[in-house]
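Good morning, and thank you for making time for this item. Please have the sequence and the structure open while I speak.

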Amino acid sequence: MLDIKKMRQDPDYFKKRLAQRGTDPVDLNKIFQLDDKRRELIKDTEELKAKRNEVSKQIGAAKRNKESADDAIAEMQAVGDEISNIDKELGKINHEFQVRMAHLPNMPHEGIPVGPDEDSNEEFKKVGTIPTFSFEPKAHWDIAEDLGILDFERGAKVSGARFVYYVGLGAQLERAVYNFMLDEHMAEGYTEILPPYLVNDKTMYGTGQFPKFKEDVYQINNEDQELTLIPTAEVPLTNFFADEVIPSEDLPVYVTALTPSFRSEAGSAGRDTRGLIRMHQFNKVEMVKFAKPADSYMELEKMTANAESILQKLGLAYHVIKLSTGDMGFSAAETNDVEVWMPEQNIYREISSCSNTQDFQARRAHIQYRDENGKLQYVHTLNGSGLAVGRTVAAILENCQNEDGTVTIPEVLVPYFHGITKITKENAVPFKK
RNA sequence: GGAGAGUUGGCAGAGUGGUAAUGCAACGGACUCGAAAUCCGUCGAACCGGUUCAUACCGGCGCGCAGGUUCAAAUCCUGUACUCUCCUCCA
């Protein structure tokens, strides 16, 4: 949620910057109109309420003295009607104002690339050596199905498209990868959390998924209760401190969690239909930070480095790009995407997205701290994947494949993989005799 | 799932229709070499609107939340969330 007071001070700047993310300036004009009307009505009703409070006090005094107050009461009846009329209209205006405000995306941070879509993103870092193969590298789904460690057919049988079974060393590899990631983040000062996977609407609103992006999620209706399957651990992690004041000596707070993420992928029909890249359910290790405003951009760089460090230790090539105004998510002010090299397609694929939302989510979820003067301020919240686990497994399978169809396990994962160094047809699925 | 109790300021805690006692804490001052104790004073979150460069001041709102009744609601009515206790069930 943006700050209407700041918007009022420089409407043209807000119009210009939000237009760069695709918001029609007409929407802003409507909001400013509503804000004017709103404040006018507030002034009117508050004046009447002040009068009513005044006279009611006199009525009270008169009654105590056993004097008649009938005239004043009659007068206040009329005032009361007027108040309730104005309040009714104010309620409508306010509601529309709030709804429109809630649909406005965050302001882009100064200095990030300006452009309508992903073509304007800027690569600013390239790390690792892109592997070369003496044979034609296979896609991870072919490698995995040949080994029997991923079963997309049975996933479809039991749940539908974009669901999968990990089997044997496939399941163990997934577990090795996320345990490795969690340990790495803990060493960097993150506190591990195991959050709820079902959250209420208020929580979804707090991080900015609602009201605008309801079609992207799975919802559960159980009698009178409506809950949403989390599309990312960012939602329960960021809302951990919702409606709270974080003691300033605790800042910055770093938390991390492994959770499944559930996404309906409405609108992605036909994209990435094979493999682990785009599933309705996938595991992700998420990092979330609560920071003082002055530190938040330094924290964003550190968080991006935490995500990168996982790939470095796994020996995977990647690059980092700064998302343009047109490609950023709704709540973000600035976003770094980390993309890992996928040999079969010969492209980098997103494996982490690290964002600073500044006070955008904190305003929605009411997450504050006290500054040096004891005044309440909104914290800045950051979130980033560290990393998408399924996509990491896919990247390992493709980058570490051998000509004979086996997969060599990155050294750092071996201790997390019961000492196994290679997935072969023989050890992949223990029940296969 | 059933029954009961509760939710008031940073904390404790009164308040059954007349506009939020009191105590602690906090802040300022006096006393003191300084501190403690004591005394005096200030302060009732956050939020919203207005005047102001700002400090500040005025007003609204404010007793879990949302409605309702009333000239007036912490107080009465309806709904609802959460916490606690007991019973029941359960991995």
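I will take the domains, then the RNA surface, then the sheet, and finally a few individual residues.

Let me say at the outset that this is a predicted model. The domain assignment divides chain A into domain 1, residues 4–102, and domain 2, residues 118–423. Between the C-alpha centres of domain 1 and domain 2 there is a separation of 43 Å.

I turn to RNA strand B. Asparagine 53 places an N or O atom of its side chain 2.8 Å from a phosphate oxygen of RNA strand B. For lysine 5, a polar side-chain atom is found 3.4 Å from a phosphate oxygen of RNA strand B. Isoleucine 73 takes part through its backbone: one of its N or O atoms is 3.5 Å from a sugar or linking oxygen of RNA strand B. The elements giving two or more residues to this surface are α1 (4–9), α3 (25–64) and α4 (70–102). The greatest contribution is that of α3, with 14 residues.

There are 20 residues around RNA strand B, and those that come nearest are Glu46, Asn53, Ser56, Arg64 and Gln77. In composition, the surface has 10 charged, 6 nonpolar and 4 polar residues.

As a general point, strands of a sheet pair through backbone hydrogen bonds, in either the parallel or the antiparallel sense. Here 8 strands make an open sheet with mixed pairing, and their order is β1-β11-β12-β13-β16-β10-β9-β4. At the edges are β1 (122–127) and β4 (191–192), each of which pairs on one side only.

Within this sheet, I would draw attention to β13, residues 347–356. On one side, β13 pairs with β12 (residues 334–342) in the antiparallel sense, over 9 bridges. One of these bridges links threonine 335 to serine 355 of β13. The hairpin of β12 and β13 has 4 residues between the strands, and asparagine 346 there adopts a positive phi near 65 degrees.

The pairing of β13 with β16 (residues 380–388) is also antiparallel, over 3 bridges. Cysteine 354 has glycine 384 in β16 as its bridge partner. Elsewhere in the sheet, β9 (residues 253–262) and β10 (residues 281–291) run antiparallel and are joined by 10 bridges. There, threonine 256 is partnered by methionine 287 in β10.

I close with individual residues. Cysteine 354 has a relative accessibility of 0%, and therefore counts as buried. Cysteine 400, at 16%, also counts as buried because the cut-off is under 20%. The count of disulfides is 0.

Finally, consider isoleucine 396, which belongs to helix α12 (residues 389–399). Its relative accessibility is 0%, so isoleucine 396 counts as buried. Isoleucine 396 and threonine 408 are separated by 12 residues in sequence, and their C-alpha atoms are 8.6 Å apart in space.

Technical notes. Residues are numbered from 1 along each chain as its sequence is written. Chains are lettered from A and ligands numbered from 1 in the order in which they are written. This is a predicted model: local features need pLDDT of at least 70, side-chain atom pairs count only at pLDDT 80 or more; totals for chains, interfaces and linings use all residues. Side-chain values use heavy atoms; hydrogens and water are left out. Two strands pair if DSSP finds at least two bridges between them. A residue is near a molecule or strand if one of its heavy atoms lies within 4 Å of it. A polar contact is a pair of N or O atoms within 3.5 Å; within protein, one must be able to donate a hydrogen and the other to accept it, and residues adjacent in sequence count only if both atoms are side-chain atoms. Ala, Val, Leu, Ile, Met, Phe, Trp, Tyr, Cys and Pro count as nonpolar, Asp, Glu, Lys and Arg as charged, and the others, Gly among them, as polar. Domain bounds come from an automatic or database domain assignment. A disulfide is a pair of cysteine sulfur atoms within 2.5 Å. Buried means under 20% relative accessible area, exposed over 50%, partly exposed in between (1.4 Å probe, protein chains only).
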